[in-house]
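Let us walk through this structure together, one part at a time. Keep the sequence and the 3D view open as you read.

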2 protein chains.
Amino acid sequence: MTGTEGRSRRRGDRLLAQIYAATLTELADHGYAGVTMAGVAARAGTGKGPLYRRWPGKDALIADTVRHGLPATSSPGYSGDVRADLLGLLRQLADGLASPGGGAMRALLGETHRRPELMSALREKVFEPRGQALRALLREAAAAGEIHPAAVETHLADLGHRLLMFRFLTEGAPIPDHIIIEILDDVLLPLLRAEPHVPGPWSPSKDPSTPAHPDTPRP
Amino acid sequence: MTGTEGRSRRRGDRLLAQIYAATLTELADHGYAGVTMAGVAARAGTGKGPLYRRWPGKDALIADTVRHGLPATSSPGYSGDVRADLLGLLRQLADGLASPGGGAMRALLGETHRRPELMSALREKVFEPRGQALRALLREAAAAGEIHPAAVETHLADLGHRLLMFRFLTEGAPIPDHIIIEILDDVLLPLLRAEPHVPGPWSPSKDPSTPAHPDTPRP
DNA sequence: GCGTTAAGAGACGATGTGGTCTCTTAATCG
DNA sequence: CGATTAAGAGACCACATCGTCTCTTAACGC
């Protein structure tokens with residue numbers, strides 16, 4: 001590790017990328033409270049100086065890591081087979097969860113109610129890009145007649161991602177492939193293919209004053 | 001909250017219950033790493049002595065709190081209206097999540113991969129009792145013809161609970177009632193009422209060697 | 001090349017916290 | 001009602017860690 005042969009001194013963006021990677025791993029391994037500047041420095045193979053020169057403390061470092069250090073979401077287009085495409089998206093998520101970014105997400109979720117800006121960053125960098133890719137795919141699949149058009153813009157679309165993430169939180173990684181297939185074939189696709197079973201407002205701009213069902217009064 | 005006798009000195013079970021309650025609140029407020037014996041003592045209105053007399057450290061205290069300090073799950077029987085009963089169960093869960101127990105669960109989920117015994121305790125005390133109540137209810141509802149019998153013993157049953165918990169983790173409490181209704185009417189009930197859309201092994205004892213679908217090879 | 005910048009490594013004092021111990025006194029038991 | 005147990009409060013020291021600072025030297029600009 002400390003051999004002089006490969007031990008070139010990094011600067012700028014190259015160093016930055018490794019600091020972000022180290023921060024993600026520290027988050028995954030020790031949780032939010034367990035992240036220390038010294039720990040990140042050691043993991044990144046640098047000293048505390050370069051860290052404190054860039055960020056005032058660990059909160060700022062972690063915030064920047066969420067914004068710039070998470071792997072980007074790739075969004076392949078519609079192939080003509082919506083099941084294959086959805087399977088690809090879900091597997092991509094499962095792979096992401098199995099990486100340090102997944103452990104970091106778990107750690108961050110435990111802090112979001114103390115640091116709401118972390119939740120915003122997580123939404124913006126993790127949830128929304130995936131949602132956009134998913135919706136674009138479903139829109140094409142609906143145009144091709146593979147799924148019911150009414151389901152595209154509803155909460156149904158994210159179901160698979162939500163179930164997969166919750167599974168990761170409770171059972172850890174890696175997620176067996178048959179779990180992904182079950183979510184896809186037994187939950188997601190049936191709901192996307194069927195007509196929404198009740199008429200009524202089902203879009204994101206739902207109107208609670210006209211519920212699709214008679215509402216049972218709360219005890 | 002404790003004001004009935006003013007500053008009387010509590011002993012035994014009465015004190016214990018308040019220590020558990022204080023631990024849950026500390027977990028919810030400061031996270032797992034943020035829990036300190038001094039903090040729990042102050043919150044419970046006692047000193048560190050009584051804590052260290054009972055537990056060797058905070059790990060043991062938290063483990064006992066998960067095992068004995070969480071509110072019990074009540075499981076009302078089948079009323080003849082499965083939608084009303086499921087709505088009741090989901091609302092009970094939503095109320096539980098909005099209590100300190102919910103915040104504590106969020107904190108614990110971030111620690112489960114470091115302390116697997118916490119996940120076991122959580123499963124045993126939170127997930128399984130709710131699963132049992134749910135399955136008992138669904139079994140009766142299936143016998144009455146309200147839902148499809150094949151769905152009772154599958155992963156479909158827990159869908160509502162899982163979605164509700166994930167929503168709590170990402171958006172916090174309280175969970176608006178219309179979210180619960182959407183999960184119930186647009187996801188859970190349609191899937192429970194319909195025949196599982198593909199023939200093939202769909203029970204908990206699934207056989208991966210005979211997949212219901214031709215499996216797409218992973219990239 | 002030569003000078004400038006900043007990386008890598010770690011020493012250092014300040015600070016906060018963890019677990020133990022003491023002491024007084026309320027609650028409980030015979 | 002006296003004896004015993006343990007609650008409530010906090011002092012105390014050991015220890016870990018935080019953020020700063022120093023020092024050497026590799027990387028980069030001209």
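The residues of the surface near DNA strand D comprise 5 nonpolar, 8 polar and 9 charged ones. Here Ala, Val, Leu, Ile, Met, Phe, Trp, Tyr, Cys and Pro count as nonpolar, Asp, Glu, Lys and Arg as charged, and the others, Gly among them, as polar. A residue is near a strand if its C-beta atom, placed from the backbone, lies within 6 Å of it. Of the 22 residues around DNA strand D, those that come nearest are Ser8(A), Thr36(A), Thr46(B), Gly47(B) and Pro50(B). Elements giving two or more residues to this surface are α2 (37–44) and α3 (48–54) of chain A, along with α3 (48–54) of chain B. The largest share, 4 residues, comes from α3(B).

Before going on, a word on the model and its labels. This is a predicted model: local features need pLDDT of at least 70, side-chain atom pairs count only at pLDDT 80 or more, and totals for chains, interfaces and linings use all residues. Residues are numbered from 1 along each chain as its sequence is written, while chains are lettered from A and ligands numbered from 1 in the order in which they are written.

Now look at chain A by itself. Chain A has 9 helices and 0 strands; helices (H or I, at least four residues) and strands (E, at least two) are DSSP runs, numbered from the N terminus. Of the 219 residues of chain A, 36% count as buried. A residue is buried if 20 or more other C-beta atoms lie within 10 Å of its own, exposed if 12 or fewer, and partly exposed in between, with C-beta atoms placed from the backbone.

Two residues show both ends of that scale. Val35(A) lies in the loop between α1 (12–34) and α2 of chain A, and Val35(A) is buried because 23 other C-beta atoms are within 10 Å. Pro76(B), in the loop between α4 (58–68) and α5 (82–98) of chain B, counts as exposed, with 11 C-beta neighbours inside 10 Å.

What happens in the interior? In soluble globular proteins, nonpolar side chains tend to be buried together. A nonpolar core is a set of buried Ala, Val, Leu, Ile, Met, Phe, Trp, Tyr and Cys residues joined through C-beta atoms within 7 Å. Of the 114 residues in the largest such core, Leu90(A), Leu108(A), Leu164(A), Leu90(B) and Leu164(B) touch the most other members. Helix α7 (residues 116–143) of chain A gives the most to this core, with 9 residues. Leaving aside neighbours within four places in sequence, Leu164(B) is in contact (C-beta atoms, placed from the backbone, within 7 Å) with Leu90(B), Leu93(B), Ala94(B), Ile175(B), Ile180(B) and Ile183(B).

Next, see how the two chains meet at helix α8 (residues 159–171) of each: the axes come within 10 Å and cross at roughly 80°. Axes are lines fitted to C-alpha atoms, for helices over the stretch in contact, and angles run from 0 to 180 degrees between N-to-C directions. α8(A) and α8(B) are therefore roughly perpendicular to each other, a label for angles of 65 to 115 degrees. The contact is made by Arg162, Leu163, Met165 and Phe166 of both α8(A) and α8(B).

Terms used:
Two residues are in contact if their C-beta atoms, placed from the backbone, lie within 7 Å. Angles under 35 degrees count as roughly parallel, over 145 as roughly antiparallel, 65 to 115 as roughly perpendicular and the rest as oblique.
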